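Trainee: I have a new structure open and would like to learn how to read it. Could you take me through some of its features?

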Amino acid sequence: MAITRRQFLRRSALAVAAASLNQSAVRAIVLSGPAKKVLVLGAGMAGLVAAYELTKLGHDVTVLEARTRPGGRVHTLHEPFSDGLYAEAGAARIPDDHDLTHKYVKEFALSLEPFYPSQLHALRFDHGGREEVPIDGFTNAMEGHFGYDLGGNPGRWQKIKGGTDMLPKAFAERLGNKIHYGSPVVRIEQDEKQARVVFLKAGRQETMTADNVLCTIPFSLLRDVELPALSSQKRDLIKKTHYDAVSRVYLQTRNRVWEDKGLNGFAFTSGAIEIWQPSWSQPGPRGILMTYARPGEAERITKLKENERVSTTLKQLDDMFGGLRESFERGATKCWMEDEWSRGAWAFVGFGNLAVALARDGRIHFAGEHMSQWPSWMQGALSTGLRAVKEIDEFVKD
Ligand SMILES: Cc1cc2nc3c(=O)[nH]c(=O)nc-3n(C[C@H](O)[C@H](O)[C@H](O)COP(=O)(O)OP(=O)(O)OC[C@H]3O[C@@H](n4cnc5c(N)ncnc54)[C@H](O)[C@@H]3O)c2cc1C
């Protein structure tokens, strides 16, 4: 479960050791041998940062991505909302201590803004009744349930102005046609001389060869890819790694009716569901309220039909804020277990399995949030991508 994992991560001496490993990965941006031909599988944060830094080092990089967009689990929803309003399907919050995320936000000159509103009141229902609290009451509730990694001073949390996917889009813009979209990988193999990747292009199989392959495909999908070259230990880990469910439901309203009652649209329920108003920093009058359910609640919501997810959420939030039904215009939902190219929100292989997960198998290297000391964060994906850059750059055949 994400809760105990996050708390454990914070305290773990291993996390500190891994953090220093990561620091050395960041520093080691110096081409250490002849340029290599590298195939990066997946254009999420891990694959993008690796492709970007390997290209800067002078390597010949190609990225194969199954989707028709970059970013993977970083995805800003503009549809079906009106007036240019948007909300996040995946990554949304950036804490002040995620140095790698901040580094690339700055490198691409993206603007940050506070994640939480300082005006009006949030609601808490986790003490048995309904409480109106300043926004730090909301982050206190988060800290109480999930640990400091999701709590602390509200001011330490920021978001990217315009949507989190401005970050992967910035990487993708610099990589240009090195990224091949709509190219799901179906087989990864290697021999003494090279690695080969088989992928589908418009339904037909194609093959590319490379000196090195960096695989950032989540284990939830990698288990369906043919991997004859991998050790049985790694294959077992890929099969058994559990991915958590997350569900989000979005309601667009004609007016921000909660504001008339002195509320900012943030709430924390007795079942530890977060309610956000992502539109608070976007121009009105329309607004979006959204729910964020983690494992336990998320599976229940995933099982419902789309219209039921919206209607039950509308009832739940109307009971909390009042006046929502009259102002409701349209709803949308995102359940990560259903996402064809994620099959889950996040995972952690476990500290005991980190070495197996991260170990290269010959010319095949690995990265992704699930094998980082910051699972379920962009920071985790970035750190493993940078680690792989160093490993590939320094690779010499055994
Ligand atoms: C609901 C939710 C909330 C989150 N909140 C936050 C937050 O507030 N702050 C934060 O920092 N982080 C947050 N995260 C975590 C963050 O989004 C992830 O850790 C990070 O984006 C993962 O990056 P990745 O590159 O490891 O994986 P992914 O983003 O999953 O990238 C993997 C890529 O591989 C592609 N792929 C899959 N199969 C194939 C195949 N067969 N062939 C080719 N390509 C394939 C996928 O399409 C995808 O683009 C959140 C995530 C979720 C889901």
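Mentor: Gladly! Keep in mind that this is a predicted model. Let's begin with A272, which is buried, with a relative accessible area of 15%. Its backbone is worth a look too: A272 has a positive phi of about 60° although it is not a glycine. You will find A272 in the loop between β17 (263-268) and β18.

Trainee: Is A202 buried or exposed?

Mentor: A202 is exposed, because its relative accessible area is 80% and the cut-off for exposed is over 50%. Its phi is also positive, about 50°, although A202 is not a glycine. It sits in the loop between β12 (195-201) and β13 (204-210).

Trainee: Which peptide bonds are cis, and where are their prolines?

Mentor: Look at omega. A cis peptide bond joins E79 and P80, with omega about 5°, and P80 lies in the loop between β3 (76-77) and β4 (87-88). The bond from G284 to P285 is cis as well, with omega near 10°. P285 belongs to the loop between β18 (274-276) and β19 (287-293).

Trainee: Now a helix, please. How many residues does α5 have, and which of them are buried?

Mentor: First the general idea. An α-helix has 3.6 residues a turn, so residues three or four places apart point the same way. Here, α5 covers residues 135-146, which is twelve residues. From first C-alpha to last it reaches 17 Å, close to the 16 Å expected at 1.5 Å a residue. Its buried residues are I135, G137, F138, T139, A141, M142 and F146. Just after α5, G147 takes a positive phi of about 95°.

Trainee: What is the strand order in the open sheet of three strands?

Mentor: Again, the idea first: strands of a sheet pair through backbone hydrogen bonds, either parallel or antiparallel. In this open sheet the order is β5-β9-β6, and the pairing is antiparallel. β5 (94-95) and β6 (112-114) stand at the edges with a single partner strand each, so one side of each has no neighbour in the sheet. Follow β6 across to β9 (residues 157-160): the two are joined by three bridges. L112, for instance, has I160 in β9 as its bridge partner.

Trainee: Which side chains does the side chain of R124 contact?

Mentor: R124 lies in strand β7 (residues 121-124), and it is buried, with a relative accessible area of 10%. Its side chain makes a polar contact of 2.9 Å with the side chain of D126. Another polar contact, of 3.2 Å, joins it to the side chain of H127.

Trainee: Which residues come nearest to the ligand?

Mentor: Of the 38 residues around the ligand, E65, R67, R73, R93 and V185 come nearest. By class, this shell has 23 nonpolar, nine polar and six charged residues.

Key: Residues numbered from 1 in each chain as written. Predicted model: local features only at pLDDT ≥ 70, side-chain atom pairs only at ≥ 80, totals over all residues. Heavy atoms only, no water. Helix = DSSP H or I, 4+ residues; strand = E, 2+ residues; numbered from the N terminus. Expected span 1.5 Å × (residues − 1). Buried < 20%, exposed > 50% of the residue type's maximum accessible area, 1.4 Å probe, protein only. Pairing = 2+ DSSP bridges. Near = heavy atom within 4 Å. Nonpolar A, V, L, I, M, F, W, Y, C, P; charged D, E, K, R; others polar. Polar contact = N/O pair within 3.5 Å; in protein donor to acceptor, adjacent residues only side chain to side chain.
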